[in-house]
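This briefing covers helix packing, a surface patch and charge pairing. Please look over the structure before reading on.

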Amino acid sequence: MSKTTSIHARPLSPHLQIYRLIPTMLMSIIHRITGGALYFGIVLFVVWVAAAAASKEAFDLVNAVYGSWFGRLVLFGFTWALLHHMVGGLRHLVWDTGRALGKATSTRMAKASIVISVILTVLVWIAGYAVRGGF
């Protein structure tokens with residue numbers, strides 16, 4: 001048996017500097033980020049429920065924090081993350097059936113998922129304020 005003494009340069013794995021960012025790739029990344037953000041949102045929900053169980057003062061404090069402009073911004077972001085993750089999940093469910101896997105169709109679905117999630121978020125917040133009686 002002979003040993004090879006020449007050293008061949010091994011190819012590097014592709015990385016983000018090689019790939020061009022396309023809508024389906026971006027939606028995949030955002031889907032993972034929103035999935036992680038949902039964990040944070042559940043913590044907010046648990047804090048709210050725990051405050052309700054603790055005392056009226058604790059519940060009022062949490063409601064005041066969540067009702068501030070910053071709290072509402074965070075809750076708006078959580079709502080968008082939840083709805084965007086849901087729409088992305090539905091997109092993947094369609095793909096799991098073997099449909100809409102073509103390049104043009106999957107790109108349209110990726111672009112539509114961001115638009116649909118933003119529209120649904122705004123509609124949910126409009127409905128929430130309508131039920132609540134305004135701002």
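Which hand does the crossing of α1 and α3 have? The crossing of α1 and α3 is left-handed. This is a predicted model, in which local features need pLDDT of at least 70 and side-chain atom pairs count only at pLDDT 80 or more, while totals for chains, interfaces and linings use all residues. Residues are numbered from 1 along each chain as its sequence is written, and side-chain values use heavy atoms, with hydrogens and water left out.

**How the helices pack**

- Helices are DSSP runs of H or I with at least four residues, numbered from the N terminus.
- The axes of α1 and α3 come within 8 Å and cross at roughly 130°; axes are lines fitted to C-alpha atoms over the stretch in contact, and angles run from 0 to 180 degrees between N-to-C directions.
- That angle makes α1 oblique to α3, where oblique is what remains after roughly parallel (under 35 degrees), roughly antiparallel (over 145) and roughly perpendicular (65 to 115).
- Helix α1 (residues 23–54) and α4 have axes that come within 8 Å and cross at roughly 45°, and α1 and α4 are therefore oblique to each other.
- α1 passes α4 in a left-handed crossing, meaning that the near helix is turned anticlockwise from the far one by less than a right angle; clockwise is right-handed.

**The contact of α3 with α4**

- Helix α3 (residues 69–96) and helix α4 (residues 103–132) pack at an angle of about 140°, with their axes 8 Å apart.
- This makes α3 oblique to α4, and α3 passes α4 in a right-handed crossing.
- By class, this contact has 18 nonpolar, 6 polar and 3 charged residues; Ala, Val, Leu, Ile, Met, Phe, Trp, Tyr, Cys and Pro count as nonpolar, Asp, Glu, Lys and Arg as charged, and the others, Gly among them, as polar.

**A nonpolar surface patch**

- F76, V115, V118, I119, V122, L123 and I126 make a nonpolar surface patch of about 580 Å².
- Patch residues have over 30% relative accessible area and no salt bridge, and nonpolar side chains are joined within 5 Å; areas come from the Shrake-Rupley method with a 1.4 Å probe.
- α4 gives the largest share of the patch, 6 residues, and I119 has its place in helix α4.

**Charge pairing**

- The whole structure holds 1 salt bridge, defined as a side-chain nitrogen of Lys or Arg within 4 Å of a carboxyl oxygen of Asp or Glu.
- The side chains of K56 and D60 meet in a salt bridge, at 3.0 Å from N to O.
- K56 and D60 are separated by about one helical turn, because they are 4 residues apart in helix α2 (residues 56–67).

Terms used:
Helices (H or I, at least four residues) and strands (E, at least two) are DSSP runs, numbered from the N terminus. Patches are made of residues with over 30% relative accessible area and no salt bridge: like charges are joined within 9 Å, nonpolar side chains (Val, Leu, Ile, Met, Phe, Trp, Tyr) within 5 Å.
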